[in-house]
Amino acid sequence: SSVVDVLQSNDRIDVYVRRVLSSNGRLRVSMNPVTPEKVEADLEYFAKKRRLRAEMLKVSDLQVGQELVGKVCDAPPKSFGVLVNVGAKRNGLLHVNFMPKAWWGERWKSELARNETIFVKVQSVNLETKTFALELVGTLKMLEQQLLEDTRNKASVSFNALKRVSPTSEPVTMSAFVERKVRELMSEEAKAELEELEKGISSEPIPNAPTALVKETSQVVEQISDVTNVQPEPRM
């Protein structure tokens with residue numbers, strides 16, 4: 001039921017003051033009793049809300065080429081792209097033209113799920129309309145998989161124990177910022193696998209073939225030298 005089904009004009013009701021808005025001279029009231037715990041929880045909630053708003057990026061703060069972590073918005077995708085929340089006061093537009101060419105057509109709609117974490121780069125900023133466009137660097141899932149594949153390939157080169165893995169998609173050149181964020185946000189299972197792979201690479205270096213060959217050749221030369229340097233016994 002709605003409020004109009006319960007209350008009518010000129011009804012006398014008891015209300016409790018929840019919050020005093022000194023900025024505009026208004027009150028927030030409730031028909032439910034207000035306890036000290038409820039007041040404290042409300043104050044904490046609104047203080048957190050103010051902090052988050054203060055920490056939001058301004059469109060004027062964005063720079064072309066700046067890399068950001070964002071989430072695909074809940075709003076249904078447009079025919080030309082999706083809106084992305086990057087922590088700014090307005091959402092940015094990720095146009096299909098700034099996605100991988102392999103995604104053009106209808107594929108991108110299945111690749112970018114709502115609320116999915118993605119990495120983007122600021123493509124343009126319009127200060128007059130306070131809007132900005134984005135370019136896709138990659139989804140968290142895509143970059144997480146690429147980081148694991150790259151590390152597995154390094155391990156296969158070091159140990160000759162694993163078959164080299166071919167990338168599942170066109171590789172992305174990750175900046176230090178993107179790689180650091182991928183490591184922070186990747187799943188716990190992926191983190192554990194990555195840690196084991198990197199631990200093995202750093203702790204068990206294997207001598208390369210040229211070094212071993214040079215060592216073996218040196219030993220043969222030394223043996224030949226010993227033979228040729230033997231002095232003949234004097235004849236009686």
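## A barrel pair to start with

Val 120 has Leu 136 in S7 as its bridge partner. Strand S6 (residues 117–126) and S7 run antiparallel and are joined by 8 bridges; two strands count as paired if DSSP finds at least two bridges between them. Strands of a sheet pair through backbone hydrogen bonds, either parallel or antiparallel.

This is a predicted model, where local features need pLDDT of at least 70 and side-chain atom pairs count only at pLDDT 80 or more, while totals for chains, interfaces and linings use all residues. Residues are numbered from 1 along each chain as its sequence is written, and side-chain values use heavy atoms, with hydrogens and water left out.

## The chain as a whole

You'll find 7 helices and 7 strands here, arranged along the sequence as α-β-β-α-β-β-β-α-β-β-α-α-α-α. Both kinds of element are DSSP runs numbered from the N terminus (helices are H or I, at least four residues; strands are E, at least two).

Of the 236 residues, 24% are buried. Buried means under 20% relative accessible area, exposed means over 50%, and partly exposed is in between (1.4 Å probe, protein chains only).

## The barrel and its helix

Back to S6 and S7: they belong to a barrel that 5 strands close in the order S3-S4-S5-S7-S6, with mixed pairing. Neighbouring strands of this sheet are turned by 50 degrees against each other on average, direction ignored. Helix H5 (residues 176–185) lies across strand S3 (67–72) and S6, at about 40 degrees to S3. For such angles, axes are lines fitted to C-alpha atoms (for helices, over the stretch in contact), and values run from 0 to 180 degrees between N-to-C directions.

Thr 139 sits in S7 (residues 131–139) and is buried, at 4% relative accessible area. Beyond its neighbours within four places in sequence, Thr 139 touches Trp 103, Glu 111, Leu 112, Glu 116, Thr 117 and Ile 118 (contact means heavy atoms within 4.5 Å).

## The S1–S2 hairpin

Strands S1 (residues 16–21) and S2 (residues 26–30) are antiparallel, with 5 bridges between them; Leu 21 has Arg 26 as its partner in S2. The two strands form a hairpin with 4 residues between them, and Gly 25 in the turn has a positive phi of about 70 degrees.

Val 15, in the loop between helix H1 (3–6) and S1, is partly exposed at 43% relative accessibility.
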